[in-house]
Amino acid sequence: MDRARRFPSRRRLLQGAVAAAVPATLLSTGHASAQERAGDYPPAEWIPASTSNYTAANRPSTYSIDYVVIHVTQETYADALAIFQNPAKQVSAHYVVRSKDGHVAQCVRDRNVAWHAGNWSYNTHSIGIEHEGWVDKPEYFTDAMYQQSAALTSAICSKYGIPKDREHIIGHSEVPGADHTDPGPYWDWSRYIRLVNFA
């Protein structure tokens with residue numbers, strides 16, 4: 001019997017010591033990350049917000065999901081995502097829709113409470129969708145954006161039993177106590193609700 005078989009190498013001992021010292025939760029994060037990357041809406045790209053910018057929950061068990069809140073970023077798509085990833089910003093939304101092609105990113109899982117509405121009760125009971133653009137620049141509200149956002153909102157409403165109407169799909173400016181004006185006067189609500197209902 002040779003020496004290598006009887007006595008493990010120093011390297012193998014060190015590897016074993018490191019493995020024993022690493023908590024099991026850290027070893028399983030790869031699996032959790034794969035689950036997170038799957039997201040709640042299959043067409044969306046998973047681009048997570050900082051965990052400092054939302055509240056972990058177990059919706060709809062902990063809070064019912066009753067509304068979809070429509071926002072406009074007042075930023076570029078890339079800047080909005082960067083803001084949500086910055087733990088100092090204390091803000092997030094569940095989804096962001098890009099102007100030019102309607103590409104959807106998910107930043108916060110539906111089960112968690114994103115900090116988007118400026119009203120805790122509405123945050124706990126809603127899904128927030130940001131749209132790249134500015135309230136005074138209607139050219140950002142492209143056909144692709146409307147179509148992809150409406151498909152997302154329709155899927156959310158179907159999943160959580162939210163009526164596909166203006167009582168339940170609201171603008172940020174309609175949240176009680178809100179000091180924001182988005183989505184603003186150029187957002188075509190009639191068109192949007194029609195698209196949601198036919199998606």
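The following is a short exchange about a predicted model.

Residues are numbered from 1 along each chain as its sequence is written, and side-chain values use heavy atoms, with hydrogens and water left out. In this predicted model, local features need pLDDT of at least 70 and side-chain atom pairs count only at pLDDT 80 or more, while totals for chains, interfaces and linings use all residues.

Colleague: How many aromatic pairs does a search of the whole structure find?

Modeller: Rings of Phe, Tyr and Trp (its six-membered ring) pair if their centres lie within 6.5 Å. Planes under 30 degrees apart count as stacked, over 60 as edge-to-face and the rest as tilted. The whole-structure search gives 9 aromatic pairs.

Colleague: The rings of tryptophan 189 and tyrosine 192: stacked, tilted or edge-to-face?

Modeller: Their centres are 6.2 Å apart. Their planes meet at 80°, so the pair is edge-to-face.

Colleague: Which helix holds tryptophan 189 and tyrosine 192, 3 residues apart?

Modeller: Helices (H or I, at least four residues) and strands (E, at least two) are DSSP runs, numbered from the N terminus. About one helical turn separates tryptophan 189 and tyrosine 192, because they are 3 residues apart in one helix. That helix, residues 189-198, is H8.

Colleague: Are tryptophan 189 and tyrosine 192 buried or exposed?

Modeller: Buried means under 20% relative accessible area, exposed over 50%, partly exposed in between (1.4 Å probe, protein chains only). Tryptophan 189 and tyrosine 192 are both buried.

Colleague: Which residues do ring pairs link into a cluster?

Modeller: Tryptophan 189 and tyrosine 192 belong to it.

Colleague: Which charged end sits over the ring of tryptophan 189?

Modeller: A charge sits over a ring if NZ of Lys or CZ of Arg is within 6 Å of the ring centre and within 35 degrees of the ring normal. Over tryptophan 189 the charged end is 3.7 Å from the ring centre. It belongs to arginine 166.

Colleague: What distance separates arginine 98 from the ring centre of tyrosine 77?

Modeller: Arginine 98 lies over the face of tyrosine 77. The distance to the ring centre is 5.0 Å.

Colleague: How much space lies in the largest pocket, and which residues are closest to its centre?

Modeller: On a 1 Å grid over the protein atoms alone, a pocket is an open set of points where a 1.4 Å probe fits, with protein on both sides within 12 Å along at least five of seven lines; lining residues have an atom within 4 Å of a point. The largest pocket holds about 360 Å³. It has 23 lining residues, and the closest to its centre are Thr73, Val91, Glu130, His172 and His180.

Colleague: Which element gives the largest share of that lining?

Modeller: Two elements give two or more residues to it: strand E3 (67-72) and helix H5 (77-85). The largest share is 3 residues, from H5.

Colleague: What is phi of glutamine 74, and of glutamine 90?

Modeller: Most residues other than glycine have a negative phi. Glutamine 74, in the loop between E3 and H5, is partly exposed at 34% relative accessibility. Glutamine 90, in the loop between H5 and strand E4 (95-97), is partly exposed at 44%. Phi is near 60° for glutamine 74 and about 55° for glutamine 90.

Colleague: Which backbone nitrogen lies 2.9 Å from a polar side-chain atom of asparagine 112?

Modeller: Asparagine 112 sits in the loop between strand E5 (104-106) and strand E6 (113-114). Its relative accessible area is 6%, so asparagine 112 is buried. The nitrogen at 2.9 Å is that of alanine 57.

Colleague: How far apart in space are proline 48 and valine 108, C-alpha to C-alpha?

Modeller: Proline 48 lies in the loop between strand E1 (45-46) and E2. Its relative accessible area is 35%, so proline 48 is partly exposed. Proline 48 and valine 108 are 60 residues apart in sequence, yet their C-alpha separation is 6.1 Å.

Terms used. Grid points are joined across faces, edges and corners, and a volume is the space filled by probe spheres set on the points. A polar contact is a pair of N or O atoms within 3.5 Å; within protein, one must be able to donate a hydrogen and the other to accept it, and residues adjacent in sequence count only if both atoms are side-chain atoms.
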